[in-house]
Amino acid sequence: MAEAAQGRVQSAIKNFINEIDRAKLRDYERKMHLCAADCCSDSAANVEDVHRCIEKCQAPTQRAQQYVQSELERFQETLSRCVLQCQDDVKDKVGPSTSEADIRKYRGEFETCAIACCDKNIEKLPNLMSKLKAAFDSGAL
């Protein structure tokens, strides 16, 4: 059951990454490569100037990718904190004399809680997508 929830999270993140790539990042990468190609077309430029030009072309794409990556890391951290809270809640109930039946019950409680964490965080992805697209559209990146 928890494996299915984990699979849903992975699938949702994969779809999220594909959508932001198609909607925003790919255009940044296209512009970066066209710009870098222009840098290389200057036959009078020396090597250092060409490299500086290429690095300048790469900067917007790198900033955009770093922003998306940092937001995905925050998403993962939030999910992890939620699951760790589930784990802590169950650990507080278990002692040295806890019966096997209670341990099974608590394991079920943990799994139910962890699945709820996964589902709750998956539901946050559309808002995160809107936030990212707004940041791209505003020119803040």
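1. Helix axes here are lines fitted to C-alpha atoms over the stretch in contact, and angles run from 0 to 180 degrees between N-to-C directions. On that basis, helix 2 and helix 3 pack at about 160° with their axes 9 Å apart. Angles over 145 degrees count as roughly antiparallel, and helix 2 is therefore roughly antiparallel to helix 3. The model is a predicted one, and the points below should be read with that in mind.

2. The crossing of helix 2 and helix 3 is right-handed. On the helix 2 side the contact is made by F75, T78, L79, C82, V83, C86, Q87 and V90. Helix 3 contributes Y106, F110, C113, A114, C117, C118, K120, N121 and I122. By class, the residues of this contact between helix 2 and helix 3 divide into 13 nonpolar, three polar and one charged.

3. Helix 1 and helix 2 come next. Their axes come within 8 Å and cross at roughly 170°, so helix 1 and helix 2 are roughly antiparallel to each other. The contact of helix 1 with helix 2 has 22 nonpolar residues, along with four polar and one charged.

4. Helix 1 (residues 2-40) also packs on helix 3 (residues 100-122): the two axes come within 9 Å and cross at roughly 15°. Because angles under 35 degrees count as roughly parallel, helix 1 is roughly parallel to helix 3. Helix 1 passes helix 3 in a left-handed crossing.

5. Which residues of helix 1 and helix 3 meet? From helix 1 they are A2, A5, R8, V9 and A12, and from helix 3 they are E111, I115, C118, D119 and I122. By class, this contact of helix 1 with helix 3 has seven nonpolar and three charged residues, and no polar ones. C118 and I122 of helix 3 take part here, and C118 and I122 are also listed in the contact with helix 2.

6. The largest pocket holds about 310 Å³ of space. It is lined by 15 residues, of which Q6, V9, L79, V83 and C118 are the closest to its centre. The elements giving two or more residues to this lining are helix 1, helix 2 (47-91) and helix 3. Helix 1 gives the most, with seven residues. By class, the lining of the largest pocket has ten nonpolar, four polar and one charged residues.

7. V9 and C118 are in the contact of helix 1 with helix 3, while L79 and V83, together with C118, are in the contact of helix 2 with helix 3.

8. The second largest pocket has about 180 Å³ of space. Its lining consists of A23, K24, D27, Y28, K31, M32, C57, P60, T61, F136 and D137. By class, the lining of the second largest pocket has six nonpolar, one polar and four charged residues.

Notes: Residues numbered from 1 in each chain as written. Predicted model: local features only at pLDDT ≥ 70, side-chain atom pairs only at ≥ 80, totals over all residues. Heavy atoms only, no water. Helix = DSSP H or I, 4+ residues; strand = E, 2+ residues; numbered from the N terminus. Parallel < 35°, antiparallel > 145°, perpendicular 65-115°, else oblique. Left-handed = near helix turned anticlockwise from the far one by under 90°. Contact = heavy atoms within 4.5 Å. Nonpolar A, V, L, I, M, F, W, Y, C, P; charged D, E, K, R; others polar. 1 Å grid on protein atoms, 1.4 Å probe; cavity = no way out; pocket = protein on both sides within 12 Å on 5 of 7 lines; lining within 4 Å. Points joined across faces, edges and corners; volume = space filled by probe spheres on them.
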